[in-house]
Amino acid sequence: MHLVCDFDSTLFNTEKIWSEWLEILVARGVDRTHAIRQMEILNATGWTHHAHALASGIDETAVDELVKNFLAHTKSIGSELVYDDVVPFFKKNRPPHTFSILTYGNEEYQTSKILSTSLQNYFDAIRIAGPNHLKVDHLRTLLEHEATPLVFVDDSPNELNPIVDARLPIKLYRIVRPGAKHDYQHERDDVAWKRIKTIDEIIF
């Protein structure tokens, strides 16, 4: 089988690195609630640190250096932010199974995060969705070209619901990491998809 993996809050502890970024903004005088709201707005179009810093009110003259330093920090700790169950799972199951990443966001930033983890060697492909080509669209295209049955794991019901509604023939898992953004119950848990806590609960 071929497993398509979301990245943020599925393989990678995005909440931890986001919290560090938020605290940096707050330390520079940004209102916490305002920064969180701007993050939510920008997520719809492809969030970046640069856009978020500006939208949060950081002076334009300080943004480039601030972002440069934080991205260097993210790169240096990327492998530490991979959940502990991820690498053992890939090592155990490849082969016979294959894997790819399907994430959402700004292409440059998402790619840099993935490369910082050194996980890329486990994946046949890295696909990055955006507002004009959603995850469900990528999966529909993949079904047209992939003979192997597909499994998809994501943390967000917002990404899983369109796949269910489109009736795509894909086995679905929703992974809920403790403290993650989507750590809540959903009416379709264990109905339209299997809810899991760790990636090694996936059954091929």
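**Close-up views of a predicted model**

At 11% relative accessibility, Trp47 counts as buried (buried means under 20% relative accessible area, exposed over 50%, and partly exposed in between, with a 1.4 Å probe and protein chains only). This is a predicted model, in which local features need pLDDT of at least 70 and side-chain atom pairs count only at pLDDT 80 or more, while totals for chains, interfaces and linings use all residues. Residues are numbered from 1 along each chain as its sequence is written, and side-chain values use heavy atoms, with hydrogens and water left out.

**View 1. Trp18 meets Trp47.** A search of the whole structure finds 11 aromatic pairs. Here, rings of Phe, Tyr and Trp (its six-membered ring) pair if their centres lie within 6.5 Å; planes under 30 degrees apart count as stacked, over 60 as edge-to-face and the rest as tilted. The ring centres of Trp18 and Trp47 are 6.2 Å apart and the planes stand at 80 degrees, so this pair is edge-to-face. Trp18 belongs to helix α1 (residues 14–27), and Trp47 to the loop between α2 (32–43) and α3 (49–56), so the pair links distant parts of the chain, 29 residues apart. Helices (H or I, at least four residues) and strands (E, at least two) are DSSP runs, numbered from the N terminus. Trp18 also counts as buried, at 18% relative accessibility.

**View 2. An aromatic cluster.** Phe89, Phe90, Phe99, Tyr122, Phe123 and Phe204 come together in one cluster.

**View 3. Arginines over tyrosine rings.** Look for Arg174 over the face of Tyr184, at 4.9 Å from the ring centre. Arg177 lies over the face of Tyr83, with 4.0 Å to the ring centre. A charge sits over a ring if NZ of Lys or CZ of Arg is within 6 Å of the ring centre and within 35 degrees of the ring normal.

**View 4. An open sheet of six strands.** Follow the order β3-β2-β1-β4-β5-β6, with parallel pairing; two strands pair if DSSP finds at least two bridges between them. At the edges stand β3 (126–129) and β6 (194–196), each with a single partner strand, so one side of each has no neighbour in the sheet. Strands β4 (residues 150–154) and β5 (residues 171–175) pair in the parallel sense over four bridges. Val151 stands opposite Lys171 in β5.

**View 5. Ser116 in helix α6.** This helix spans residues 107–117, and Ser116 is buried, with a relative accessible area of 10%. Leaving aside neighbours within four places in sequence, Ser116 is in contact (heavy atoms within 4.5 Å) with Thr74, Lys75, Gly78 and Ser79.
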